[in-house]
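Let's take a walk through this one together, beginning with a strand and its neighbours and finishing with some aromatic rings.

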Amino acid sequence: MPLKPTAAILILTDSALPLAAKVKSALGQAEIHGFKKRIEEGCDTYFTETISHIQKLYKSGHSIIGICASGILIRAVAPTLGDKRDEPALLSLSEDGQFIIPLLGGHHGANQMARDLASHLNIHAAVTTAGDLKLGFSLDEPPIGYKLENPEVMKPITAALLAGEKVQLIHEAGDESWPPSEVFSSSGEYCVFVTDKSDRVNDKSLVIHPPVLALGVGCERNAPASGLISHVKKQLDDANLSAQSIAAMGSIDIKVDEAAMNGLAKELDIPFRVFEASALNKYKDQLQNPSEIVFKETGCYGVAEGSALSLAGDGGELILPKQKDPKHTMAIARNNKGINFMDKGREAGKLYVIGIGPGTENWRTAEAVHLLQDAEEIVGYQLYLDLCDDLIAGKPTHNSELGEEEARARRALELAAEGKKIALVCSGDPGIYALATLVFELIDRADDRAWNGVDVTVAPGISAFQAAAARIGAPINHDFCTISLSDLLTPREHILKRLNAAGEGDFVISFYNPQSLRRRTLLPEAKEILLKHRPDTTPVVIARNLGRPDETVRVVKLSEFNPEEVDMLTLVMIGNSETRFVERGGKVFVYTPRGYAKKMTD
């Protein structure tokens with residue numbers, strides 16, 4: 001189950017920084033986002049375009065506390081608004097620190113966040129939601145981890161409470177302080193059940209499930225996910241327990257890469273934590289089914305029961321001892337005070353292989369920005385880290401030189417295998433002459449359980465050939481290919497074979513790694529090969545430092561192209577036999593026809 005993105009505290013001036021620091025201290029999980037043109041230091045992340053930055057944050061699910069005028073926030077998010085049930089919290093905090101207003105997402109954390117911050121800052125929270133004002137709480141804004149099974153019943157129940165009618169409250173599980181019992185009665189037409197049971201739903205009862213159950217699981221190696229899912233669901237049904245009250249599931253760490261475990265976690269939409277054998281053995285005296293056989297195989301006396309008890313923590317007890325079928329085991333523990341799983345065991349590591357594009361902030365994807373902000377540590381070549389320093393400031397970084405790509409990818413996997421969230425930064429697109437393929441190759445070669453358990457996400461980026469094409473017009477609007485001219489990893493004869501094939505196939509070609517101080521022959525050879533297949537006047541786009549302040553994009557004829565002008569920071573794109581170079585109104589552009597004009601005249 002993905003956790004909510006870190007809250008963003010948005011400031012536009014230096015004077016708002018002290019208040020932002022107080023808000024960050026109160027929230028814990030939050031980052032300060034500062035306007036780069038006015039704030040030099042003290043922020044976690046910087047931005048240069050205020051409206052677009054707010055929109056990116058809001059669309060990616062971040063709660064936003066803007067220490068600025070409400071109008072700025074409203075104008076920014078207005079185009080992104082849709083279903084109010086999916087809106088994250090949006091709050092406006094006056095720069096003098098006197099008022100905080102939940103603008104949106106009142107029933108998705110904004111009202112409670114406003115009240116909590118108001119209490120911390122000793123100011124007033126301007127909450128306008130009817131239920132909150134009269135009742136002091138909202139049924140669809142329960143504490144973290146609580147889930148409403150049938151939210152459609154909430155509206156008539158809230159209306160009944162606001163009208164002063166009797167509504168019954170039955171607490172069967174969880175902390176009895178929420179919802180507050182003083183506004184309810186011992187009888188009434190409607191009822192609110194706070195329960196971990198699965199059979200309480202009807203059209204007059206709102207069923208709310210508190211996070212009081214912990215699920216421990218085990219299975220044979222390579223058991224199918226469907227079998228474990230069926231086994232767990234059957235046992236829950238037989239015990240009349242709701243899966244929505246399961247706060248988390250756990251197992252021994254050697255199962256971190258088990259498809260069945262990860263499939264079950266996805267099916268139930270719950271976090272999956274793993275434990276070392278020594279941690280599970282701390283609960284061996286509480287196990288109802290300790291096993292010497294299991295101890296010999298895993299180093300602990302009970303995987304399912306031990307994991308359930310480990311997640312439940314102090315005060316937890318087994319309510320469903322180990323249930324076994326031929327390939328799977330499961331157990332349930334309950335802690336009626338609620339279960340905080342974040343400090344227990346570890347989750348499977350996450351490796352974000354991120355493409356940041358050619359280098360400019362405007363060419364980063366929203367996914368790349370979100371994952372860089374979410375990552376705990378960053379790995380990359382220093383130049384690439386410098387290009388996204390506004391997003392990773394203050395985070396531990398691990399850098400290495402060009403030519404040390406395998407060391408970088410290996411380091412990223414090792415860190416992620418420890419249960420951390422790691423970003424491996426690549427320029428352009430990570431799957432185009434970058435490190436995505438190396439990550440998967442290393443996992444394939446090693447076949448290591450810890451690495452196999454890492455959750456790898458590849459975030460695409462704008463590649464250099466796309467950026468160059470966009471800058472000069474539309475040269476790749478028809479069939480095209482890319483060829484790396486580096487023979488450090490690819491045999492020279494393979495490169496020559498591909499050059500000849502691309503020339504014969506009349507592809508528009510983009511050359512990556514075209515030339516370095518030591519590699520000086522393949523680019524001149526490429527020119528001569530292509531001159532055999534296309535006109536001397538074929539446009540050649542020479543694009544250097546794309547997206548950076550010293551960017552240059554030029555066009556020359558193929559016969560006049562001088563390879564000596566090219567270095568490793570340059571992308572060379574050579575058109576096909578139909579690619580055209582045009583000058584109109586003092587502007588130049590290159591395009592490759594695709595046949596639209598011919599189709600229109602036929």
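Start at Leu 10, whose bridge partner in strand E2 is His 33. Keep in mind as you look that this is a predicted model. How does the chain get from E1 to E2? It crosses through helix H1 (residues 17-27), and this β-α-β crossover is right-handed.

Now look at the other partner of E1. Strand E1 (residues 7-11) also pairs with strand E4 (residues 64-67), again in the parallel sense, over four bridges.

Is E1 buried or exposed? Five of its five residues are buried, so the strand is largely enclosed by the rest of the structure. In a regular strand the side chains alternate between the two faces of the sheet. Here, Ala 7, Ile 9 and Ile 11 sit on one side of E1, with Ala 8 and Leu 10 on the other, and all of them are buried, so both faces are covered.

Zoom out to the sheet. Seven strands make up this open sheet, in the order E3-E2-E1-E4-E5-E6-E7, and the pairing is mixed. At the edges stand E3 (45-47) and E7 (124-125); each has a single partner strand, so one side of each lacks a neighbour in the sheet.

On to the aromatics. A search of the whole structure turns up seven aromatic pairs. One of them is Phe 295 with Tyr 301: their ring centres are 4.4 Å apart and their planes stand at 15°, so this pair is stacked. The cut-off behind that label is planes under 30 degrees apart. Phe 295 has 31% relative accessibility, so it counts as partly exposed.

Another pair, Phe 465 and Phe 480, is tilted, with 5.4 Å centre to centre and 45° between the planes. Phe 465 is buried at 7% relative accessibility, whereas Phe 480, at 36%, counts as partly exposed.

Definitions and conventions: Residues numbered from 1 in each chain as written. Predicted model: local features only at pLDDT ≥ 70, side-chain atom pairs only at ≥ 80, totals over all residues. Heavy atoms only, no water. Phe/Tyr/Trp six-rings, centres within 6.5 Å; stacked < 30°, edge-to-face > 60°. Buried < 20%, exposed > 50% of the residue type's maximum accessible area, 1.4 Å probe, protein only. Pairing = 2+ DSSP bridges. Helix = DSSP H or I, 4+ residues; strand = E, 2+ residues; numbered from the N terminus. Right-handed = clockwise from strand over helix to strand, strands pointing away.
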